[in-house]
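Hi,

Here is the model I promised to pass on to you.

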Amino acid sequence: MIHLFKRILFKPVYNRWDSLVNRLRKNEKIIHELQNRLRTQEQITEYLIESPIFNQAQNVGFNGQIQRKQIFKGLMNTFPIQSIVETGTWVGNTAGYMVIETGIPVNTVEVNPHIYRLARKRLENYANIFIYQGNSPEFLHRLAETEIADLFTFFYLDAHWGTTLPLKDEITLICNAWKRYIIMIDDFQVPGDDGYRYDSYYNYGPLSLSTFGDLFSKYNLIPFYPAAPSAEETGSKAGCVVLFMEKDVKTAESCNSLVKYHRTEAH
Ligand SMILES: C[S@@+](CC[C@H](N)C(=O)[O-])C[C@H]1O[C@@H](n2cnc3c(N)ncnc32)[C@H](O)[C@@H]1O
């Protein structure tokens with residue numbers, strides 16, 4: 001009886017409190033988004049002043065990571081790659097690096113229209129780089145309908161920033177449409193080496209085998225990781241996973257910069 005009386009008496013207070021908390025949460029989200037946009041604008045300004053044209057340098061491309069560049073070079077020397085596709089162009093540093101290193105055409109997509117325009121400007125001297133503006137799954141869907149889907153393609157999946165994560169859609173689209181491919185995912189947890197940085201998403205979980213293992217198995221993707229310990233990596237020290245089709249695993253095992261994942265390892 002007393003309990004019921006209290007509930008009736010305090011109901012308006014509870015309701016006000018709930019709506020206040022909801023408003024605060026909404027405002028917090030808006031502030032977080034504005035902070036991200038401001039940070040991006042500041043970085044764009046910095047690039048416009050300091051590096052308006054892409055220039056090759058050791059610390060430019062693949063997060064400035066020398067070991068990652070070794071992995072990339074190893075793959076390019078070992079496999080007859082015919083096409084490169086990147087999701088998440090940012091200002092074009094890795095696209096520029098990959099095209100200079102290989103001469104292979106690079107198709108890349110950027111969702112943010114301001115960043116896209118900056119990347120186009122910075123890379124305007126490279127005829128072999130094709131930059132698109134849009135959401136990566138839609139871009140891959142369109143690309144899948146072209147002759148590029150018939151080419152042995154190296155994918156660099158790096159369109160993960162902000163609150164959404166298109167990775168599952170990207171992998172599904174690639175595996176359903178391309179005849180032959182190798183997929184490298186940036187910011188991925190390296191089992192047994194926490195010195196490698198990896199991303200974690202509130203709605204999706206960490207970029208790790210525990211989150212994506214089932215999807216990899218569904219498409220018979222065999223994961224390999226950097227052979228070099230994080231202590232020997234430079235730049236952002238972001239981890240990665242490189243996924244191979246079953247028919248390419250034997251050849252992949254000959255790449256010194258990569259090790260095949262074994263289930264017994266800690267992760
Ligand atoms: C980590 S940065 C990419 C860095 C770039 N790959 C490099 O190595 O220089 C991520 C980029 O992906 C973009 N992005 C985020 N979500 C995307 C999506 N769904 N489609 C396309 N681009 C996206 C972001 O705007 C950001 O510029």
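Below is what I found, going from the overall picture to the details.

First, two words on the source. This is a predicted model, in which local features need pLDDT of at least 70 and side-chain atom pairs count only at pLDDT 80 or more, while totals for chains, interfaces and linings use all residues. Residue numbers start from 1 along each chain as its sequence is written.

**Overall picture**

The protein has eight helices and 10 strands; these are DSSP runs numbered from the N terminus, with helices being H or I of at least four residues and strands E of at least two. Its C-alpha trace spans about 80 × 50 × 40 Å along the principal axes.

Eight strands form an open sheet with mixed pairing, in the order β3-β2-β1-β4-β5-β9-β8-β10. Strands pair here if DSSP finds at least two bridges between them. The edges are β3 (129–133) and β10 (258–260); each has a single partner strand, so one side of each is left without a neighbour in the sheet. On average, neighbouring strands are turned by 20° against each other, direction ignored.

Two of the pairings are worth a look in your viewer. β1 and β2 are parallel over four bridges, and Ile84 has Val106 in β2 as its bridge partner. β4 (residues 153–157) and β5 also run parallel, joined by five bridges, one of which links Thr153 with Tyr181 in β5.

Strand β5 (residues 181–186) has six of its six residues buried. Tyr181, Ile183 and Ile185 are on one face, and Ile182, Met184 and Asp186 are on the other.

**Helices**

Helix α5 (residues 136–143) packs with helix α6 (residues 167–177) at an angle of about 5°, their axes being 9 Å apart. Axes are lines fitted to C-alpha atoms, for helices over the stretch in contact, and angles run from 0 to 180 degrees between N-to-C directions. Ser136, Pro137, Leu140 and His141 in α5 meet Asp169, Glu170, Leu173 and Ile174 in α6; contact means C-beta atoms, placed from the backbone, within 7 Å. α5 also lies across β1, β2 and β3, at about 145° to β2.

**Around the ligand**

Which residues come nearest to the ligand? Of the 18 around it, they are Gly88, Trp90, Thr94, Val111 and Ser136, where "around" means a C-beta atom, placed from the backbone, within 6 Å. β1 (83–87), α3 (93–102) and β2 (106–110) each supply at least two residues of this shell.

Trp90 sits in the loop between β1 and α3 and has a positive phi, near 50°. Most residues other than glycine have a negative phi. With 21 C-beta neighbours inside 10 Å, Trp90 counts as buried. Phe62, in the loop between α1 (2–50) and α2 (66–78), also has a positive phi, near 45°. Phe62 is buried too, with 25 other C-beta atoms within 10 Å.

Key:
Contact = placed C-beta atoms within 7 Å. Buried ≥ 20, exposed ≤ 12 C-beta atoms within 10 Å, placed from the backbone.
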